[in-house]
Structure formats: structure tokens, C-alpha cells
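Here is a walk through one protein model, from the whole chain down to single residues. Keep the structure open and follow along.

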Amino acid sequence: MYPAFLVQFTVMSLVYVFLRLLLRPLRQPQFVCSVLAGFAASPFVVERTKIFTPNSYPHEGILVARTTGFLGTTFLLFLLAVKTDITAIQRSMRDASIIGSSTLLMTCAFLLLLTHALSLPGVHKGFFRYIFAGVLSLTRFPNAVYTFNELNIMTSDLGQLSMSSTIISEVVLWVWMFIGIHLAHRAQFLWSAMAALGSILVIFFIIRPLIMLIIRRTPESKSVREVYITSIIIGSLIVGGLTDLFGTVHFGVLLFGLVIPNGPPLGSTLSEKIEMVCTEVLMPMFYVSIGYSMDFSLIDLKITREIFLLTFVSALTRVAGALSAAIFCKVRLRHCILLGLMLSIRGPYDLHVLTRWLVKKDIDRPTYTMLILSDIALTAIVTPLIDRFYNPHTRLIASIGKRAMSMQTTPRNVEMRVLCCVHNGDNVPGIISLLEAWNPIAESPICAYVVHLKELIGRTIPIMVPYKKQMTRTRSRNASHHIMCAFENYCNNSHQLVRMKPYTTIAAYKNMHEYICRLAQEELIPLIVIPFHGSQDTTNVADHVAFRNLSENIWIYAPCTMATLVDKGMHSCTSKTPSISGTVGVIFIGGTDDREALALAIRMVGRPNLGVAVLRFVFSEVDRDLEKRVDEKLDDGLINEYRAKADADPCSTYHEVVVEDSEQAIGKIQGLKNKFSLVMVGKNRTAGTVFSEETMLNWSDNPELGVIGDLVASSDFRGETTSVLLMHHYGDPRGPFRHPSMEREGDYLLKRRVC
């Protein structure tokens with residue numbers, strides 16, 4: 001049996017990789033590739049290749065594959081339960097409960113009528129047909145999670161609404177199945193009900209307190225002891241096995257995982273220990289067992305017609321149920337249809353239930369085979385449609401022209417709103433110094449939306465939540481606590497001129513920009529500040545590339561101006577509150593981005609112990625068309641506003657530097673090194689043809705900063721005390737420049753994957 005096991009695993013893995021490459025252009029999900037690969041590794045196919053003898057796969061081999069596969073589904077469900085954040089479900093409880101219940105009830109009602117109208121010779125008659133119709137109408141939460149993760153829509157509005165709806169429908173149907181199954185076996189109903197209730201009490205009142213004790217005893221930034229991890233994993237199997245004896249499939253594993261707090265320290269550690277073995281070793285054997293149980297030689301036309309009719313009606317009624325409920329919840333018509341398609345997705349846990357029915361002889365093998373094929377066909381059709389017609393990024397792009405804001409259009413006598421992204425504690429002093437330098441006064445205070453960016457580890461649903469609400473769910477003081485305390489102390493010492501709204505974002509780097517841009521859009525924030533990925537030493541290359549791609553995504557989709565802070569120690573570390581002193585230099589060549597830097601510098605004029613120096617570079621011979629002349633008038637208007645305000649401040653100055661070409665301009669800029677505490681500059685500029693940026697960026701160390709930004713951020717210019725604030729206006733038609741090296745490094749991390 002062991003050689004057969006190795007052959008099955010090898011064939012499954014090779015065929016799976018081949019199918020992923022083959023079906024990628026068709027946007028087929030991992031589920032479809034895995035089932036087809038499992039069938040290719042079955043004796044029905046392998047023995048017909050004449051490479052192996054007919055007895056190469058003994059019948060006992062299926063027991064090993066099936067046991068290994070069922071162990072994989074158990075661990076996978078436990079892992080998903082550990083990752084699940086209940087609070088994310090509660091936020092959309094009203095709409096999700098309406099949509100989930102409507103879809104479930106409508107689908108179940110139509111399937112009940114069909115199962116009694118059709119002959120279905122392979123399905124056991126009696127009460128089982130109610131169970132059969134109920135399970136076919138179910139949308140499983142883990143299936144939706146895997147598909148949405150592949151489609152990169154987990155952070156979208158429809159993605160989170162769909163996942164919440166699947167949880168609601170699954171809980172309702174599991175309760176209904178529990179009651180229905182035990183009513184069919186009245187003799188054991190009382191004993192099973194008491195056993196299930198006892199398991200719930202044990203999980204909540206014994207196991208959960210022990211888990212919380214483990215978390216409290218684990219020091220901050222330390223890993224959980226291996227003995228605790230091993231005990232929890234073994235305990236999940238024991239609880240799952242006992243509750244399975246009561247008739248509630250996987251109920252104990254799900255409940256055991258839900259009582260474990262997601263995220264670090266325990267949730268993330270469990271994910272790291274289980275996920276790789278579960279998805280790469282155990283689950284492939286589950287699909288091998290599925291393929292072993294399929295038999296195409298027994299299929300006839302009548303069974304095929306009836307099963308596919310059930311599948312078509314179930315998908316159609318899901319769309320109709322979601323449509324009727326979503327219209328009541330004021331969801332757009334197109335999104336209603338997409339929501340119904342999302343709720344039609346099938347996955348491994350549907351196959352797990354079908355396999356249990358086959359083993360218990362509730363369905364025969366031809367019906368089992370056709371149900372598997374219908375699930376594959378439905379998922380193979382629905383998934384590309386969702387990927388083709390639903391793109392959450394289009395909403396962010398459309399918002400740029402509708403509610404976009406910038407520093408130039410923000411009045412000087414109103415509250416200035418700024419969204420500050422914090423990656424780690426090293427970014428805090430520099431951002432606080434910026435807030436202090438922006439000269440908050442009574443006529444124009446500052447409201448800082450501080451967002452701590454945390455990578456998605458040990459969690460299923462990505463979230464953005466106000467920090468105070470998150471503190472009510474966690475007892476340990478993590479990195480967010482120290483970051484928010486630093487900002488809160490600064491706000492308390494600012495004489496009510498600066499107030500803070502703290503948030504925590506927990507998402508994958510590839511999706512994190514959606515939360516940031518959506519918050520900026522909803523709160524009408526004109527400026528987003530994000531630390532530069534090279535501002536601190538980064539030993540993890542993957543994190544370095546991922547954070548750089550996050551910055552670029554914000555550049556693309558932000559509905560406002562974005563500022564990148566290259567922090568090199570402009571704050572004073574000796575004072576209790578970090579502050580900036582000395583002179584702020586503004587390099588002004590022309591264009592929208594440079595005007596954003598100048599508009600922000602105008603706010604700084606008049607701040608005590610801080611001077612502002614604007615250096616405007618004027619090119620002597622430049623051909624100017626009509627567009628550039630209009631742009632130059634805008635430059636002159638903002639320059640005049642600055643000079644009028646700077647005349648009343650002896651610390652603020654204005655200089656014009658006449659240069660012949662870009663080479664001379666760069667030489668003049670290099671002569672400014674070590675003269676400023678902070679240098680502000682736009683990313684792109686319009687100065688005729690003197691700056692061929694795409695050509696000059698080929699020699700840049702950080703091409704995403706632009707030509708001038710890369711120059712002033714270099715070690716030759718900044719020395720040890722100069723920081724750089726790079727401004728990028730949302731309306732720049734050229735967008736961010738993407739260097740070829742960034743494509744090569746970032747492709748394996750953040751490219752949108754479908755299968």
C-alpha cells in the first residue's frame with residue numbers, strides 16, 4: 001500500500017501543476033484543477049495508461065488515501081475556524097443575514113420540489129431526500145474563502161458580504177440538519193443532544209479558559225511553546241472525533257477553532273504549523289480519494305440530465321434569492337447578480353459530504369460521479385464570470401474624478417485631515433515630527449487618521465477596525481498599543497490642536513491599499529502619508545518588495561495626494577515629543593506634484609523655530625506650448641501666495657535659480673546637501689523637455705521616487721540628518737513609474753492570481 005500511496009501522491013502533484021499551467025488562461029480556480037488531478041491519479045486512469053499493472057492499486061490503498069484526505073479536511077476546517085474573525089461578521093450581520101437566509105430558503109424550497117418530482121434512482125428515498133436538498137442548497141464558508149482569495153476580492157465589499165452570508169446560511173443549515181438527523185433516529189436523539197450540549201459547555205468553559213491562560217503566559221514577541229501547540233492540535237482531533245460520533249459532522253472542530261483568538265500569538269502560530277502540511281500533503285490525497293470513487297462507465301443519460309438540472313436550478317435560485325434580498329438591502333443590480341454567483345461556488349467540503357453519503361450508501365456511484373462533475377462544471381463557469389465582471393479596483397479609480405482632494409484645493413482656514421500609515425514603531429517619531437512641522441493652529445487644526453498596517457497572518461477575513469474597538473477583543477498589549485500610545489501622548493500635549501483617530505488594518509499587502517484609499521475617500525482626506533520602504537533596515541526581501549508594491553498601489557488608486565516619507569532622523573530624540581527644527585527646503589521646478597509640495601510648505605510658514613526655503617529652478621530656454629503655459633500660470637499663482645505669506649516671516653525665504661539644462665539643475669541640487677532638516681519635492685514635473693525622466697530613472701537606485709526624489713534621498717545628499725517628503729498628486733496622468741526590476745521582483749508576490 002505504501003508504494004501505491006507514493007505513486008498516487010506523485011501523479012496527483014505532477015498533474016495538478018500541469019493543469020494549473022494549462023487552465024490559467026481560462027481563469028480556472030484551484031478547486032477545479034485539484035479534482036481533475038485527483039481523477040487523473042485514480043486507478044480508472046492510471047491503469048489504462050499501461051504504465052502500471054492492473055493490480056498496482058490494491059483496494060486497501062483507497063482506505064489510506066481516504067483517511068489521509070479526511071484528516072486534511074478536518075485540519076483545514078480547524079485552520080479556517082482559527083482564522084475567522086467573528087467581529088468582521090457582526091459588522092455586516094443585518095445585510096448578510098437577510099441575503100444568506102433568503103438565498104438558502106429559496107434554493108432549498110425549489111430543490112425540495114425537484115427532488116420529489118424527479119425519479120433520482122441513485123438517491124435514497126424517504127427523509128434523506130430532505131437532507132439531500134438541504135445540502136445542495138448550502139454555500140460553504142471555506143469554499144468561498146479559498147475562491148475569493150484566488151480572485152483577490154476578499155477585502156472588497158461584495159467579497160466580505162458574501163463570506164458573511166455563507167457563514168449565516170451554513171450555521172442555519174447545520175442547526176436544521178442536526179435537528180432533522182436526530183428526529184429521524186428518535187431512540188438516540190436525547191443522548192446525542194445531551195452529548196452535543198456537553199461538548200459545547202466543555203469547549204466554552206474549560207478549553208477556552210485554558211487557551212486564554214496560554215496566551216497570557218506567552219511573553220510579548222515570543223512564540224508559543226511547542227507542547228501547547230501539539231496539545232491543541234491533538235485536542236482538535238479528539239473533539240472532532242467525539243462530536244462526529246454524535247452525528248454533527250465537523251461541529252466540534254469548527255467550534256474548537258472559533259474559541260481560539262485569531263492572529264498572534266496563538267492563531268498565527270497554529271496557522272504556520274498546520275497550513276503547509278494540510279494544503280500540500282493531506283489535501284492532495286483527499287482529491288485522490290475523490291477520483292478513486294468516481295466511475296464514468298456507469299453514467300447514463302437520465303442521471304446526467306437530472307443531476308445537471310438540479311445544479312442549474314440551484315445556481316439560478318441562488319441568484320434569484322440574492323437578487324431579491326440584495327435589492328431590499330439597496331445593493332446595485334449588477335452586484336446582486338454577482339453576489340448570487342459568488343454564493344454558487346462549490347469546493348472540497350461539498351465533496352466531503354458527498355463521499356460520506358457514498359460510503360453510507362445513501363447515494364450510488366453514478367449519482368456520486370455526476371454530482372462531482374456538476375460541482376466542477378458550476379465552479380468552472382461561475383469563477384471566471386466573477387473574475388471578469390467584478391473588479392473592486394474600478395470603484396477606487398472612479399472615485400478619483402468624483403471626490404478627489406488635494407492640498408492645493410484644501411482651504412487654509414479649515415481642519416487639515418491627514419491619513420498617516422505606520423508600518424512599525426520606527427515610523428512613529430518621523431510622522432509625529434511632520435504633524436508638528438505642519439503648524440497646527442486654532443484656525444486650522446490637524447486631524448490625524450493613524451492606521452497601523454499589519455500583514456494578514458493567522459486570520460481569514462482581512463479587516464480595518466478602529467483601534468479602541470480592537471482593544472476590547474484583545475487583552476495583550478501588542479505593537480499597535482505602543483504606536484497608538486505615542487500618538488495619543490503627542491495629541492494630549494498639543495493643546496487640542498491635533499486630534500487622532502486610530503485604526504488597525506490587518507490584510508495582505510496586495511489588498512491593503514483598498515482599505516487605505518476607501519478610508520481617504522469616505523473621510524474626504526486630502527493627504528496620505530506612508531513611510532518609504534527603504535527608510536529602515538529590511539532583512540526580509542519579500543516584505544521589502546511587498547511594501548514597495550503597496551506604496552505603488554496607493555499611488556495608483558488614492559483619491560488624494562500621497563506623500564512618501566523617507567525618514568533619516570529629522571526629529572529630535574532628546575525631547576519627550578519628537579519635533580523638527582532648522583530649515584525645510586522645497587525644490588520647485590514646476591508641475592502638479594511640485595505645487596502640492598509648495599501648498600504643504602505654505603502651512604509651515606510662521607511656525608516657531610522652523611524656516612522654510614523655496615528654491616525655484618527656472619530653465620532659460622524651454623519651448624512652452626499652451627498646456628505648459630497654463631501650468632506655469634498655476635505655478636506662479638501658488639508662488640505668489642507663498643511669497644506674500646513669507647514676507648511676514650523672517651525665517652522663510654524664496655530664491656530663483658536659473659539653469660540651462662537638467663544636468664546643471666542636478667548639480668545645483670547636489671550643492672544643497674546637508675543644508676536642510678527636511679526636503680520636500682514633487683515626484684514628477686513638467687519643465688518642457690529638459691527632464692527625460694524615464695531615461696534618467698534607468699540610473700536611479702529607487703526609481704519609484706522619481707529623478708529628484710531619488711537624488712535627494714541618496715546617501716550622498718542626505719547625510720545623517722536630512723529627511724525627504726515626496727509628493728504625488730492624484731491627477732498626474734502619467735501615474736507612478738514602474739521600473740522593470742520592480743516587475744520582476746514583485747510579480748511572484750503581488751500579481752493577481754486566479755488558479
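**From the whole chain to single residues**

Of the 755 residues in the protein, 57% count as buried. The model is a predicted one. It holds 30 helices and eleven strands. Now take the contacts in the protein with a separation of 6 or more: residues 24 or more positions apart account for 84% of them.

Next come the helix pairs. Two packed helices are described by the angle between their axes and the distance between the axes. Start with helix 14, residues 301-328, and helix 17, residues 365-389. Their axes lie 9 Å apart, at an angle of about 40 degrees. On the helix 14 side, the contact is made by Ile303, Thr304, Ile307, Phe308, Thr311 and Ala315. Helix 17 contributes Pro366, Thr367, Met370, Leu371, Ser374, Ala377 and Leu378. By class, this contact of helix 14 with helix 17 has nine nonpolar residues, four polar ones and no charged ones.

Stay with helix 14 and turn to helix 15, residues 333-342. Here the angle is about 140 degrees, and the axes are 8 Å apart. Roughly antiparallel would take an angle over 145 degrees, so helix 14 and helix 15 are oblique to each other. Helix 14 again meets its partner in a right-handed crossing. Arg318, Val319, Ala322, Leu323, Ala326 and Ile327 of helix 14 make the contact. Their partners in helix 15 are Leu333, Cys336, Ile337, Leu339, Gly340 and Leu341. The contact of helix 14 with helix 15 has ten nonpolar, one polar and one charged residues.

Glu226, Ile229, Ile232 and Ile233 in helix 11 meet Leu266, Thr269, Leu270, Lys273 and Ile274 in helix 13. Six residues of the contact of helix 11 with helix 13 are nonpolar, one is polar and two are charged.

Now move to helix 19, residues 428-437. Why is it largely enclosed by the rest of the structure? Eight of its ten residues are buried. These are Val428, Gly430, Ile431, Ile432, Ser433, Leu434, Leu435 and Ala437. Just after helix 19, Asn439 takes a positive phi of about 55 degrees.

Pick out Leu435, which is found in helix 19. Its relative accessibility is 1%, so Leu435 counts as buried. Leaving aside residues up to four places away in sequence, Leu435 touches Val418, Cys420, Pro440, Ile446, Ala448, Phe487 and Tyr490. Ile446 is eleven residues from Leu435 along the chain, and their C-alpha atoms are separated by 7.8 Å.

Finish with Gln28, in the loop between helix 1 (2-23) and helix 2 (30-40). Is Gln28 buried or exposed? At 8% relative accessibility, Gln28 counts as buried. Its side chain reaches the backbone oxygen of Leu26 at 3.3 Å. Glu150 lies 122 residues from Gln28 along the chain, yet 9.9 Å separates their C-alpha atoms.

Key:
Residues numbered from 1 in each chain as written. Predicted model: local features only at pLDDT ≥ 70, side-chain atom pairs only at ≥ 80, totals over all residues. Heavy atoms only, no water. Axes fitted to C-alpha atoms, helices over the stretch in contact; angles between N-to-C directions. Helix = DSSP H or I, 4+ residues; strand = E, 2+ residues; numbered from the N terminus. Contact = heavy atoms within 4.5 Å. Nonpolar A, V, L, I, M, F, W, Y, C, P; charged D, E, K, R; others polar. Buried < 20%, exposed > 50% of the residue type's maximum accessible area, 1.4 Å probe, protein only. Polar contact = N/O pair within 3.5 Å; in protein donor to acceptor, adjacent residues only side chain to side chain. Parallel < 35°, antiparallel > 145°, perpendicular 65-115°, else oblique. Left-handed = near helix turned anticlockwise from the far one by under 90°.
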